[in-house]
Amino acid sequence: MYNVRDIWNTLFDDNVTENDNERTICCPFHNDNNPSFNIDLERGLWFCFGCHKGGNIYQLVKDFFGYNREQAKNYLKTYISKNILENNYSLNEKQKEKQLNEYLNKNKKESWAFSLPNDFKLIEESYYLEKVRGLTKEEIKRDKWGISKEYKNRVILPIYMKDKLYTYFARDITGKSKIKSKNAKNGKAKECLYGWNDIKNYDSVILVEGYFDSIKMKRLGFQVLALNWNRVTEGQAEWLKRFKEIIIFPDNDFGGKILLEESFCLTTYSDVYYTCMSEKKDKKDPDDLTIRETIFYLKNKKHISEYAIKLLKGK
């Protein structure tokens, strides 16, 4: 893999070593007289407290050169190539070339035909969804929940983007399985967001981790999207960059902290805010909050730069 410190040295003509964990300089993206640009060289995360841009090392390369997506990828490939071809001395040339191609093609997009299980059947009611998760029959029907013999003791939620099926999740209804939700094997879960078909405008959107977290927000009339996990992928960021404002509403756990760090990549295109449930020790998910609590946290949202300051101070 590429080395963050090597790329930093190349971009800024610096000489950081493995012992250097961070750097603070004048921001290269705006007229900055007082150093406000900080990067964590260990994790490759950066943020400017002046212009509020931030992201990972890929985003830094992209913004620094004004590259598009493919150009930034190609730039980073030079470091991947160097690491594989120069450091694996035990491999012959053909093996090195094969290993490099396998690495570079690992995440390459392929054309694919994707569909629901052959015996998938829509449902209009479910004890688990209604009594345990609190959905209404109308919501079950609206979101096209279903069942399949392929997924015993599970209910299936298809995820559509602009009416195209991207993936589906099979949710355990017994409470006994160690795997609560199974992802479709050939789906594009990392490139989609639940709720996109309900988006009416690009002014503001609430971003949550899971489907059930989004239901209460949707009932209150908010525009909301669910990531279906606690990270923002490159594919999801491509959809999200359309919004002027994004409000991150994370779970109250370690995964929620990861999501907040991941959300820095969205600041290039959008004004990003976040909510904090940390004082609610007994409530893990936004789904656990009352309507009054949900509205309170949304009204008291904070700019993501405040979270960046906390990280840099080690809080």
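How many bridges join strand 10 to strand 11, and do these strands run parallel or antiparallel? Three bridges join strand 10 (residues 204-208) to strand 11, and the two run parallel. Strands are DSSP runs of E with at least two residues, and helices are runs of H or I with at least four, both numbered from the N terminus. Two strands pair if DSSP finds at least two bridges between them.

The structure is a predicted model, in which local features need pLDDT of at least 70, side-chain atom pairs count only at pLDDT 80 or more, and totals for chains, interfaces and linings use all residues. Residues are numbered from 1 along each chain as its sequence is written, and side-chain values use heavy atoms, with hydrogens and water left out.

Ile206 has Val224 of strand 11 as its bridge partner.

The chain holds 11 helices and 14 strands. Of its 315 residues, 45% are buried. Buried means under 20% relative accessible area, exposed over 50%, and partly exposed in between (1.4 Å probe, protein chains only). Among contacts in the chain with a separation of 6 or more, 55% come from residues 24 or more positions apart. Contact means heavy atoms within 4.5 Å.

Helix 9 (residues 254-262) packs with helix 11 (residues 304-313) at an angle of about 110 degrees. Their axes lie 10 Å apart. Axes are lines fitted to C-alpha atoms, for helices over the stretch in contact, and angles run from 0 to 180 degrees between N-to-C directions. Helix 9 and helix 11 are therefore roughly perpendicular to each other, a class that spans 65 to 115 degrees. Lys257, Leu260 and Glu261 of helix 9 and Ile304, Tyr307 and Leu311 of helix 11 make the contact. By class, this contact has four nonpolar, no polar and two charged residues.

Lys62 lies in helix 2 (residues 57-65). Lys62 is buried, with a relative accessible area of 9%. Not counting residues up to four places away in sequence, Lys62 touches Tyr67, Asn68, Arg69, Ala72 and Tyr269. The C-alpha atoms of Lys62 and Tyr75 are separated by 9.1 Å, and the two residues are 13 apart along the chain.

Conventions: Parallel < 35°, antiparallel > 145°, perpendicular 65-115°, else oblique. Nonpolar A, V, L, I, M, F, W, Y, C, P; charged D, E, K, R; others polar.
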